[in-house]
Amino acid sequence: MAGRRKTKRSRTSSSGVDDHLKNVNDSENFVGPTTNDPDIQRVFKLMEVCARSAGKMTKLEGYCESGLDLWVDLKIDSNPENDLDHNDLPQPIASPQGSSTRGQLSDLGSQPILGSNFDTDERGSDLLMSASPDADVSKIKISERASEAMEELLSLALAQDPLWQVDKENNTEMLSDVEYMRMVKVRECQSPPSLDVDNSHELEPLLAVSSESSRAVEYFKTSPISIIELLMDLEQWSLAFSNIVSKATLVGVLASTGVERHYDGTLQLMTAEFHAPSPLVPTRESSFARYCKNLDSGLWGVVDVSPETLPQFPSRNFRRRPSGCLIEEMPNGCSKVIWLEHVVVDNRLVHHFFQPLVTSGFAFCARRWVNTLIQHFQWSATVRAPNSPTDRGVIIAQPQRTFFLKFSERMVKSFFMDISASRENKWMPFPVSGADIMISTKSSTDDHGKIPGTTTVFATSVHLPAPSKQVFSLLRDVKFRRQWDIYGRNHRFDERAYISNGDNPENGVSILRAINDETKKLKALYMQESYTASTGSYIVYAPFDYEHAGNELMKDECRDHITILPSGFSILPDRSIHRDETGGSLLTIAFHVVAKSPTDEHEPSNQLGLLMHNIIAKTVMSIKEALGFSDLQSND
């Protein structure tokens with residue numbers, strides 16, 4: 001169009017901006033940039049793009065060397081001929097007239113960019129995705145909210161003190177609620193009047209909610225598009241983050257390019273259930289919009305935000321404020337990720353064991369998401385490697401290694417689903433005085449990889465006065481297994497194969513043999529995966545038929561049909577990270593067993609319940625004895 005002003009994107013090198021994206025531990029030495037700094041001007045330019053996408057004026061707050069506030073007024077020309085392209089705002093997909101909602105959702109779910117066959121969530125989808133004026137208004141509101149969220153993500157990801165405050169004792173940082181609300185009020189004051197009244201801030205005191213915020217920075221040996229594709233594909237995302245995401249569904253795609261692996265401007269509405277690895281921590285359910293945008297050459301943003309102002313998506317006990325990540329392209333095919341988590345949540349139902357960890361924000365912090373992302377890409381690299389020598393000096397060929405790793409991936413995903421507080425698990429307390437043992441009964445008919453009939457998960461969480469690293473080392477080492485494994489007291493365990501996953505030699509997949517001490521015969525084979533990081537550890541194992549499964553495991557078409565009953569341990573620190581790695585641990589133990597018979601669909605019998613109660617109690621006592629704390633009660 002004649003006379004239309006084109007926006008030129010900055011092409012300055014990322015190294016200068018990278019200097020301003022300093023590690024949070026160095027924030028005490030941070031000195032704000034001067035106003036003529038070319039790299040910070042690039043940041044302001046990016047924020048201007050986001051502000052224009054939202055279609056409103058915005059003021060940004062920075063900090064200069066003089067200590068005075070720096071106010072940047074990003075004015076927007078009132079002349080539409082001089083405004084930015086409307087493509088800066090996510091463009092809703094038009095609802096076809098005369099087509100049913102079910103048909104529309106089917107088409108949206110099969111968009112090639114999603115790469116997912118997940119069912120869409122029908123809650124609210126009829127209202128949102130229908131061809132009606134109300135639906136169109138809702139789509140516009142979500143698009144505007146997503147653009148505002150991207151602006152806020154960019155601002156918070158790059159901000160320093162006083163918006164982010166460092167806790168040196170715990171080596172963490174938290175967002176200042178006072179500074180954040182001041183930033184929000186400034187933005188609201190500069191916004192044009194809206195007929196939509198957002199009462200979300202007024203509702204928070206009534207809901208007894210608290211805010212949680214965290215930020216993490218990490219480098220990855222992979223391209224930005226690989227990370228973006230993982231985040232924007234529902235199936236890949238929920239599988240990679242199965243230790244956090246219990247369930248995820250797609251409501252609809254409001255904007256997309258329609259081109260595979262091209263996500264600039266993609267906006268989709270999702271629901272998800274997030275969990276901590278214990279049935280004593282309630283899950284967090286949320287509906288949110290996920291928006292992806294190419295902010296500049298080599299810089300991407302992926303942001304989640306709850307559309308809390310829409311009546312068809314009411315707030316419950318949890319809401320996501322703008323959260324997500326900035327992904328910056330680095331040399332040699334690498335990426336830099338700044339991950340941000342910012343939520344409001346009601347934690348009143350959290351068990352007292354987990355209250356300090358959850359209310360501090362550590363249980364669902366950004367570092368946990370980043371550690372899981374690191375683990376996923378390390379796992380992918382191990383799968384692709386032509387040869388992978390283990391620390392035992394054994395070379396496992398790539399096809400066999402792939403089968404082992406994918407079988408173990410399914411086992412770990414099943415374990416985390418088993419021990420989560422998801423509504424699907426229907427946990428019940430076991431009626432034994434003085435015990436916090438929970439029971440969940442599961443039924444299956446012809447599901448692949450599951451035993452037909454009824455199975456039962458018995459789980460409990462206990463506090464141990466030992467660092468989580470010490471507990472992890474004890475439970476993963478095959479030499480100490482007979483000290484705590486009640487089933488294995490009369491057996492000798494050895495490790496037949498081990499596949500290391502990542503830089504830490506303690507993270508990997510093992511094939512264990514249990515040999516009877518008296519007969520010297522093989523009793524059972526176990527698949528075991530162990531993993532440890534700063535935000536938590538786990539050891540998950542499952543027996544499999546040593547006469548048949550060993551051969552079937554090597555067949556790709558049969559691997560998903562092998563039944564899995566995973567048991568194991570999840571280990572969390574009992575408080576936020578300390579540099580000296582002191583403190584105690586929160587150990588969650590879970591055993592998954594066949595209830596009575598393949599056709600029994602009732603609750604587990606009292607006999608089985610008492611048996612499992614005794615096994616769990618003896619296991620806890622054996623672990624404490626191995627750690628040197630045998631005089632402590634099982635649930636102190």
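Visitor: Is histidine 352 buried or exposed?
Guide: Histidine 352 is exposed, and its relative accessible area is 57%. Bear in mind that this is a predicted model.

Visitor: Where does histidine 352 lie?
Guide: In the loop between β12 and α10 (355-359).

Visitor: And how far apart are the C-alpha atoms of histidine 352 and valine 281?
Guide: They are separated by 9.6 Å. Along the chain, the two residues are 71 residues apart.

Visitor: Let's zoom out. How many helices and strands does the chain have?
Guide: There are 17 helices and 23 strands.

Visitor: What percentage of the residues is buried?
Guide: Buried residues account for 54% of the 636 in the chain.

Visitor: What about the accessible surface of the chain?
Guide: That comes to about 28600 Å². Carbon and sulfur atoms hold 52% of it.

Visitor: How many of the contacts join residues at least 24 apart?
Guide: The figure is 67%, taken among contacts between residues at least 6 apart in sequence.

Visitor: On to the inside. Which residues of the largest nonpolar core touch the most other members?
Guide: Leu231, Trp237, Phe241, Phe274, Trp339 and Phe354. That core has 78 residues.

Visitor: Which helix gives the most to this core?
Guide: Helix α12, residues 398-419, with eight residues.

Visitor: Different spot. At what angle do α13 and α17 pack?
Guide: About 110 degrees, and their axes are 11 Å apart. That makes α13 (residues 468-476) roughly perpendicular to α17.

Visitor: What about the handedness of the crossing?
Guide: α13 passes α17 in a right-handed crossing.

Visitor: Which residues make the contact?
Guide: From α13, Gln470, Val471, Leu474 and Leu475. From α17, Ile623, Ala626 and Leu627. Leu475 is also one of the residues in the second core.

Visitor: Staying with α17, is threonine 619 buried or exposed?
Guide: Threonine 619 is found in that helix. It counts as buried, at 1% relative accessibility.

Visitor: What does threonine 619 touch?
Guide: Trp484, Ile486, Phe569 and Phe591, not counting residues up to four places away in sequence.

Visitor: Now leucine 326. Where is it?
Guide: In strand β11. Leucine 326 counts as buried, with 4% relative accessibility.

Visitor: How far is its C-alpha atom from that of leucine 153?
Guide: The separation is 8.0 Å, for residues 173 apart along the chain. Leucine 326 also touches Leu153.

Visitor: What else does leucine 326 touch?
Guide: Beyond residues up to four places away in sequence, the partners include Leu154, Ala157 and Leu158. Leu295, Trp300 and Gly301 are on the list as well.

Visitor: Time for backbone geometry. What is phi of arginine 261?
Guide: Near 70 degrees, a positive value in a residue other than glycine. Arginine 261 is in the loop between β6 (245-255) and β7 (267-274). It is partly exposed, with a relative accessible area of 37%.

Visitor: And phi of asparagine 332?
Guide: Positive too, near 60 degrees. Asparagine 332 is found in the loop between β11 (323-330) and β12 (334-345). At 78% relative accessibility, asparagine 332 counts as exposed.

Visitor: Last one. Is the peptide bond from aspartate 161 to proline 162 cis or trans?
Guide: Cis, with omega near 10 degrees. Proline 162 has its place in the loop between α5 (133-158) and β3 (164-167).

Key: Residues are numbered from 1 along each chain as its sequence is written. This is a predicted model: local features need pLDDT of at least 70, side-chain atom pairs count only at pLDDT 80 or more; totals for chains, interfaces and linings use all residues. Side-chain values use heavy atoms; hydrogens and water are left out. A nonpolar core is a set of buried Ala, Val, Leu, Ile, Met, Phe, Trp, Tyr and Cys residues joined through side-chain atoms within 4.5 Å. Buried means under 20% relative accessible area, exposed over 50%, partly exposed in between (1.4 Å probe, protein chains only). Helices (H or I, at least four residues) and strands (E, at least two) are DSSP runs, numbered from the N terminus. Contact means heavy atoms within 4.5 Å. Accessible areas come from the Shrake-Rupley method with a 1.4 Å probe; for residues, only the protein chains shown count as cover. Axes are lines fitted to C-alpha atoms, for helices over the stretch in contact, and angles run from 0 to 180 degrees between N-to-C directions. Angles under 35 degrees count as roughly parallel, over 145 as roughly antiparallel, 65 to 115 as roughly perpendicular and the rest as oblique. A crossing is left-handed if the near helix is turned anticlockwise from the far one by less than a right angle, and right-handed if clockwise.
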